[in-house]
Amino acid sequence: MLKSKTWQFTAILMLISDWSQCIKSQEFTVDPPENVGIDDPGHLGPLYIHWTAPASLTNLTACSMRYHLEYFNTYQSRWTVIRTVRTWYRAQFDLEKEVRVRISTLLKGACTNGTELKSPFTEMILPPNNTGPVGSRVQGFGCVFYQKEFMECTWETGLEEPAHSQYSLYFWHREMEQAEECPQYIHSNGVRTGCKFTEESLSEFSDFNMCINSSSPKVVLRSAFFSLQIQNYVKPAAIETVHLEASPDRRLQVQWDLPNERIPRHCLEYEVEAREEGVGGQPLLQRNVTNEMMLTSLSMDGAQRKCFRVRSRMHHYCADRGFWSDWSCWSCHSDTESDAVVGCAVVIGIIISMLILSLFGWALWRKWKARDGEMMPFGPLHKLMEYSKGVSARSHFNKTRENQ
């Protein structure tokens, strides 16, 4: 009974101690970061977020301090959370939309009795870069990275584009110090409607940021910002040649040759489209996707003519997405060609069989001759030799009688 009361008393003391420590930690307040700022280095998307530690905690040594940063990711429409001990962070933003950032201080250690305390948020909002009429912004923007050799980005003029205005494109990626203007513009009826990038000005697997603005002597026009990763916009070259080879079992083997380009072979997948044409019916289309550079087609039974074409695109091993190449030309094989192949195969088989039997007979004849030392009678050839021997004997007898 005494031990039970002692244990209860010890538990009460521990609860009182924990409660008092909790009260002390709650009395300790944590201030948010100070001097929060957002700088634009001119890279058409990345912004530099920076802050300083709260002045009330600069001399604190009994606790560790870090920061809880949140920013609204407009590309994914959700908040992104970062916890760091640094006093700066770099993030990518869509500059056509509102930039929202909030940050708080996290404190933990002996000064808080091991409890992590969090300060209120300090929030900062930057308005979007939306000067100019909405209809003056370019539309229909898109990019294609052709064979990983060059990229073309094109656009259409805005609905409220004033006359005599001119578009300009600027771009930046991580291998550049500052943004640069388009190296080669694409024109349509004297108006800039696109930009061509050479391989030297491109960088894969990084944000490729672009800004298209336009100048007009009358009004300020709205700028458009775009960010993409160019390996997701590759379009391979069209496959030039498709080979068809028929087998005796009436199957077709489809093979194709890749054009000379810089895309590794393992980074491509292929779509094969087959078209069967039967008697008195509509053509039947079939499609198959494969990672190999060949495909064995099903039997041609019931089809008088079978045609194939192939196209390719980047495999998901090497890119998140990509464009299909243009289709190759149709390559066709008819049922009569298959019958001819089968007939040729049968004839060739018969000829080979006859040759084998002749060689076997010749080998037996040679073996018999070597064993008996004389030629084995063998049909017409033996009769011809016997006749020759008779003629020689009669000639020799006649010469002997003349000499006598």
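Biologist: Is F208 buried or exposed?
Modeller: This is a predicted model, so everything here is computed from it. In it, F208 is buried, with a relative accessible area of 0%.
Biologist: How many aromatic pairs does a search of the whole structure find?
Modeller: The search finds 13 aromatic pairs. One of them is F197 with F208: the ring centres are 5.4 Å apart and the planes are at 90°, so this pair is edge-to-face.
Biologist: Where do F197 and F208 lie?
Modeller: F197 is in strand β14 and F208 is in strand β15, so the pair ties together parts 11 residues apart in sequence. F197 is buried, with a relative accessible area of 0%.
Biologist: What about Y233 and F323?
Modeller: Y233 and F323 form a tilted pair, 6.3 Å centre to centre with 50° between the planes. The pair links distant parts of the chain, 90 residues apart: Y233 is in the loop between β16 and β17, and F323 in the loop between β23 and β24.
Biologist: Which charged residue lies over the face of W88?
Modeller: R86 does, at 4.3 Å from the ring centre. Likewise, K196 lies over the face of F150, at 4.7 Å from the ring centre.
Biologist: Now the cysteines. How many disulfides are there?
Modeller: The count comes to five disulfides. Among them, C143 is joined to C153, S to S 2.0 Å. The torsion about that S-S bond is about 110°, so the disulfide is right-handed. C143 lies in strand β9 and C153 in strand β10, 10 residues apart.
Biologist: And what is the handedness of the disulfide of C267 and C318?
Modeller: Its torsion is about -75°, so the disulfide of C267 and C318 is left-handed. These cysteines are 51 residues apart, and both are buried.
Biologist: Which cysteine is joined to C307?
Modeller: C332, with S to S 2.0 Å. C307 is in strand β23 and C332 in strand β24, 25 residues apart. C307 is buried at 0% relative accessible area, whereas C332 is partly exposed at 26%.
Biologist: What is the pairing in sequence order?
Modeller: Numbering the bonded cysteines in sequence order, the pairing is 1-2, 3-4, 5-6, 7-9, 8-10.

Notes. Residues numbered from 1 in each chain as written. Predicted model: local features only at pLDDT ≥ 70, side-chain atom pairs only at ≥ 80, totals over all residues. Heavy atoms only, no water. Phe/Tyr/Trp six-rings, centres within 6.5 Å; stacked < 30°, edge-to-face > 60°. Helix = DSSP H or I, 4+ residues; strand = E, 2+ residues; numbered from the N terminus. Buried < 20%, exposed > 50% of the residue type's maximum accessible area, 1.4 Å probe, protein only. Lys NZ or Arg CZ within 6 Å of the ring centre and 35° of its normal. Disulfide = S-S within 2.5 Å.
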